[in-house]
Amino acid sequence: MPHGKLLLACLMGLSTTTTMAAPVGQTTCFNFTEKNWSFLNNNFAKGWPKVLAPGELELLPDNMFGAGVAAVLRNSIRPPYEVSFEFSTYDDDGGKNLVWNSADGIAFFFLKSGESYGEPPAGNQMGFSRNGGGYAITMPTYGQRRATFRTSDGLDHKVVPFRQAYTHGEWVPVRIQVMPNRVIAWGGKWGLIDATFNFDMTYNDLGFSAATGRADGLHKIRNFCIRTLDSLSVRQERAPVEEKPESRTEPPAPIIPPQLQTEETEGGDLNDEESLLVPIPSDSSNLSQTLESENTEGDQ
Ligand SMILES: [Ca+2]
Ligand SMILES: [Ca+2]
């Protein structure tokens, strides 16, 4: 990605306005020092989140326990839009099979009120506040690594396995499309979440949160951008779904997900090469139930 030029153009745009009344297809990237950001923390996370370098944000360092943080972008962007970022998690006693050592994970939240966010909660809420409404794509690292679609009441409506929620220091790309009443998320090369929900559109703030409990870990994000979408050009993109983790011994290598193809009409041509990929299942309720029961034992 020609990130330097893009970032510069975006920052120049931001300096003239506090809102994002951007034309469709415009990408805005952030370095986390823009005035629209609010950083929140609890008493165990004083000083975090921290901007490590332009565009790189350390939500939490390694070996900090009981911590909860959030970085809220106070903004007025309304769906449909797509966010992209990379994230990295690392724990000095963590590893791909040491699933109880590292916690708790990162959440991307949207359609939320930053003003009434309150204190970012520690533990398996991953800093995603119950105040101010909103929704989140979460990537828990404690126990079964997974991705979820979560509402602010703490309920997970979709849960899928996602081994790369814990990256052991690698950077993993994520893309999330927020549309009226639908959210789609990709992580690494996997299609993670495709959820429909009757969204409350009262608030438009979005951002990231993270937390630790009795288990810990470094949580970082970088290269965060938002691209405005035209709802008519949003195309249901097909992506492979991660296998059940037991069936694979190695996590997949992270790759940059393909760009959206906006030139075709919705549905596309089934004979094109995307038809080789597996569609995201519209209903993973059986899996969700299994994982939710485990989730209740999460790190507090
Ligand atoms: Ca540690
Ligand atoms: Ca640890």
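What pLDDT does the protein average, and what share of the residues score at least 70? The protein averages a pLDDT of 80, and 69% of the residues score at least 70; pLDDT is the predictor's confidence in each residue, from 0 to 100. This is a predicted model, in which local features need pLDDT of at least 70, side-chain atom pairs count only at pLDDT 80 or more, and totals for chains, interfaces and linings use all residues. Residues are numbered from 1 along each chain as its sequence is written, while chains are lettered from A and ligands numbered from 1 in the order in which they are written.

Two stretches call for caution. Over residues 1-19 the pLDDT stays under 50, and the model has 16 contacts beyond four places in sequence for them. Two residues are in contact if their C-beta atoms, placed from the backbone, lie within 7 Å. The pLDDT is also below 50 over residues 245-297, a stretch with 61 contacts in the model beyond near neighbours in sequence. Where pLDDT is low, the predicted coordinates should not be read in detail.

The protein has two helices and 15 strands. These are DSSP runs numbered from the N terminus, helices being H or I with at least four residues and strands E with at least two. Of the contacts with a separation of 6 or more, 73% are between residues 24 or more positions apart.

Seven strands make up an open, antiparallel sheet in the order β2-β5-β14-β7-β8-β9-β10. Its edge strands, β2 (37-41) and β10 (156-161), each pair on one side only; strands pair if DSSP finds at least two bridges between them. On average, neighbouring strands of this sheet are turned by 15° against each other, direction ignored, with axes fitted as lines to C-alpha atoms and angles running from 0 to 180 degrees between N-to-C directions. Within the sheet, β8 (residues 135-140) and β9 (residues 146-151) pair antiparallel over four bridges, and Ala-136 stands opposite Arg-150 in β9.

Of the 300 residues, 43% count as buried. A residue is buried if 20 or more other C-beta atoms lie within 10 Å of its own, exposed if 12 or fewer, and partly exposed in between, with C-beta atoms placed from the backbone. The largest nonpolar core has 62 residues, and Leu-59, Ile-137, Val-183, Ala-185 and Ile-193 have the most contacts inside it. Strand β7 (residues 105-112) supplies the largest share of this core, six residues. Such a core is a set of buried Ala, Val, Leu, Ile, Met, Phe, Trp, Tyr and Cys residues joined through C-beta atoms within 7 Å. Leaving out residues up to four places away in sequence, Ile-137 touches Ala-107, Phe-108, Ala-147, Phe-149, Ile-176, Val-183, Ala-185 and Ile-193.

Strand β4 (residues 56-60) is largely enclosed by the rest of the structure, because four of its five residues are buried. Strand β3 (residues 50-53) runs antiparallel to β4 and is joined to it by three bridges, with Val-51 opposite Leu-57. The two strands form a hairpin with two residues between them, and Gly-55 in the turn has a positive phi of about 90°. β4 also pairs with β15 (residues 218-228), antiparallel over four bridges; here Leu-60 stands opposite His-219.

Ala-45 lies in the loop between β2 and β3. This residue counts as buried because it has 27 C-beta neighbours inside 10 Å. Beyond four places in sequence, Ala-45 touches Leu-60, Met-64, Ala-67, Gly-68 and Val-69.
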